[in-house]
Amino acid sequence: QWPTWPPAAQSEPSATRPCPAGMALRAARAAAVLVATFAAAGAEAFEYGARYSCGVCKELQQGLPCSRFGACDAHVTSEAEAGCSSVCPSAPFGLASPAAASGIDWLELRVSKAFGTKDYNLVRISAITSSAAAPEPGLFDYSSQFVHRWNQFYLHTALKELTPGTDMHLSIAGQDVVLRLPKQGAGVAGLLLADPCVNSATGIMWIGCQYGNEFSTITNTPLLINTFANGTDTDFWSISGDNFYDRSGDITADVFSRISLEAKSKIFNAVPGNHDYWVLGDPIVGSTADQCGNGFMQWYGQDILAAANVSPGSATAPFDFSIAPSDEATLTTDAHWSCTKPAQSNFLWYNQVGNLGMVGQTGAYTLAETKPFMREACSWAAAQPGLEVLLLFGHWDVRGLGARSKMAMPQWYKEMAALPGCSAFDQRGMLKFVMGHTHCNDPHPHGKVGEGFRVAGFGMEGCGNYGMPIVDTTEDRVRFWYFDTSSSALLDEVLSCVSRGGWRSCTSLATLWLDQPITKAVLEEQQIVI
């Protein structure tokens, strides 16, 4: 059974209660190093809370000191000694996915747009398997076991050419995969998700999913994706970080086994959040056991900056694997207590789908490190034919928990808006951004009216809302729709309508966050050379 979230209130232990025997010396050393390191960097101490109970308990079982998590007086130390049974699930929750229950391997497919400097008609097609054999011989150029983390998986990937506006059929593992790339300059629509959490049938938990049971997110989030991505109304979908709060890859695999092949055949993009680097969400309590973004970047198989020089037919890895999570650990003197992030180029991307330009970033690196990419992306966007709206994707909406100065999305938007190329989009009102982190689905947070949209109401504690946001650039307008599904009645009504005729026939059930005519660039503004 899964524990109730938040856990039931308990009487407070003595404020002087010690950490478990044998941990005092390590705790003192860790405290001294952490205080010196993070005080110098202006970082705040980790704030322990109920949703971290299971993850922290597991860390204590590995011998880490309770003082590191501020958890010595939170009953977690005694829970670790008792096996964490009252704060972690003692058995799998609910039913396995239909694919997993069948015992038949499902096709774990990913389709992403090629990096923006490559031809518009190129996409990256990837498959993830649990064995070294590619699911379709001769189709993929690069095949390898995942590097550094999530080594139970293998990635098979290649760049392929599509004819924009025309369906392309591929046979992969005996299944008919239909791929479609909109014509350059055509209006498009995409699903916007962030911070999705579930109570997984694997029984694995790191962070408590407060509304996981109330909204049945393990069933309904894949169901929403499948229903809204079905048909021609949707051209792409995205997840803007904290993707299932997963350290090992097992929760992610469980969720994706529930997502339909049709949805997986649509163009996809993702950016990492703090929990995709450090499962507890804060570099202060990072560990070399964390995926540190390595599992994330391979699972989602995107064509990112690190792959900018990888051409069709090349067997070169489309990632930069030069930094391992245990390399040059700097958070404490004990390498077991930290992880080192991969090269930033594994998480930066820009591309065009139809008339929509998209730029993906990560807030976990400095603005100075990111500036060359930013200039390049803005110059590129201004030079693309048919690119009318530029949408920035990131995770953090506020600084902290790993986000560096001016790298949270509201501030990063300002930095981008000041750069040549992006400034022209901003002046026309055609520079927008989406983000997660604070767990709400709402428009215009932090005062960014008509510019910023938060799409993180997918089960985590916060505003308690749940539904599907959509960006839509058809009919010479830029619109953001929101389908509220935060009650059983609303969910049933929305799913029933969309299943019958696609989401465009159901917009009477949606809230229109933004409806704005697209202001097009004059020819002179498009003459910027990269």
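**Figure 1. Packing of helix H5 (217-229) against helix H13 (residues 488-501).** The axes of H5 and H13 come within 9 Å and cross at roughly 30°; axes are lines fitted to C-alpha atoms, for helices over the stretch in contact, and angles run from 0 to 180 degrees between N-to-C directions. The model is predicted, so local features need pLDDT of at least 70 and side-chain atom pairs count only at pLDDT 80 or more, while totals for chains, interfaces and linings use all residues. Residues are numbered from 1 along each chain as its sequence is written, and side-chain values use heavy atoms, with hydrogens and water left out. Helices (H or I, at least four residues) and strands (E, at least two) are DSSP runs, numbered from the N terminus. H5 and H13 are therefore roughly parallel to each other (angles under 35 degrees count as roughly parallel, over 145 as roughly antiparallel, 65 to 115 as roughly perpendicular and the rest as oblique). H5 passes H13 in a left-handed crossing (left-handed if the near helix is turned anticlockwise from the far one by less than a right angle, right-handed if clockwise). In contact (heavy atoms within 4.5 Å) are Asn 220, Leu 223, Leu 224, Thr 227 and Phe 228 of H5 with Leu 491, Val 494, Leu 495, Val 498 and Ser 499 of H13. By class, the contact of H5 with H13 holds seven nonpolar, three polar and no charged residues (Ala, Val, Leu, Ile, Met, Phe, Trp, Tyr, Cys and Pro count as nonpolar, Asp, Glu, Lys and Arg as charged, and the others, Gly among them, as polar).

**Figure 2. Packing of helix H10 (residues 367-382) against helix H11 (residues 409-417).** H10 and H11 pack at an angle of about 50°, with their axes 10 Å apart. That angle makes H10 oblique to H11. The crossing of these two helices, H10 and H11, is right-handed. Leu 367, Thr 370, Lys 371, Met 374 and Cys 378 of H10 make the contact with Trp 412, Glu 415 and Met 416 of H11. Five nonpolar, one polar and two charged residues form the contact of H10 with H11.

Figure 3. Buried means under 20% relative accessible area, exposed over 50%, and partly exposed in between (1.4 Å probe, protein chains only). The buried residues of H2 are Ser 53, Cys 54, Gly 55, Val 56, Cys 57, Glu 59 and Leu 60. These buried residues of H2 pack against helix H3 (76-82). Gly 63 follows H2 and has a positive phi, near 95°.

**Figure 4. Ser 200 in its loop.** Ser 200 is found between strand S7 (189-193) and H5. The residue Ser 200 is buried, with a relative accessible area of 0%. A polar contact of 2.7 Å joins the side chains of Ser 200 and Asp 254. Such a contact is a pair of N or O atoms within 3.5 Å; within protein, one must be able to donate a hydrogen and the other to accept it, and residues adjacent in sequence count only if both atoms are side-chain atoms.

**Figure 5. Phe 115 and its contacts.** Phe 115 sits in the loop between strand S1 (108-113) and S2. At 1% relative accessibility, Phe 115 counts as buried. Leaving aside neighbours within four places in sequence, Phe 115 is in contact with Asp 303, Ile 304, Leu 305, Ala 308, Leu 348, Trp 349, Tyr 350 and Glu 376. The C-alpha atoms of Phe 115 and Leu 348 are separated by 9.7 Å, although these residues are 233 residues apart along the chain.

**Figure 6. Ser 131 in its loop.** The loop holding Ser 131 runs between strand S2 (122-129) and strand S3 (142-145). Ser 131 is partly exposed, with a relative accessible area of 38%. Apart from neighbours within four places in sequence, Ser 131 is in contact with Tyr 154 and His 156. Ser 131 and Gln 145 are 14 residues apart along the chain, and their C-alpha atoms are separated by 8.3 Å.

**Figure 7. Thr 507 in its loop.** Thr 507 lies between H13 and strand S18 (511-517). With a relative accessible area of 25%, Thr 507 is partly exposed. Not counting residues up to four places away in sequence, Thr 507 touches Trp 481 and Phe 483. Thr 507 and Tyr 482 are 25 residues apart in sequence and 8.9 Å apart in space, C-alpha to C-alpha.
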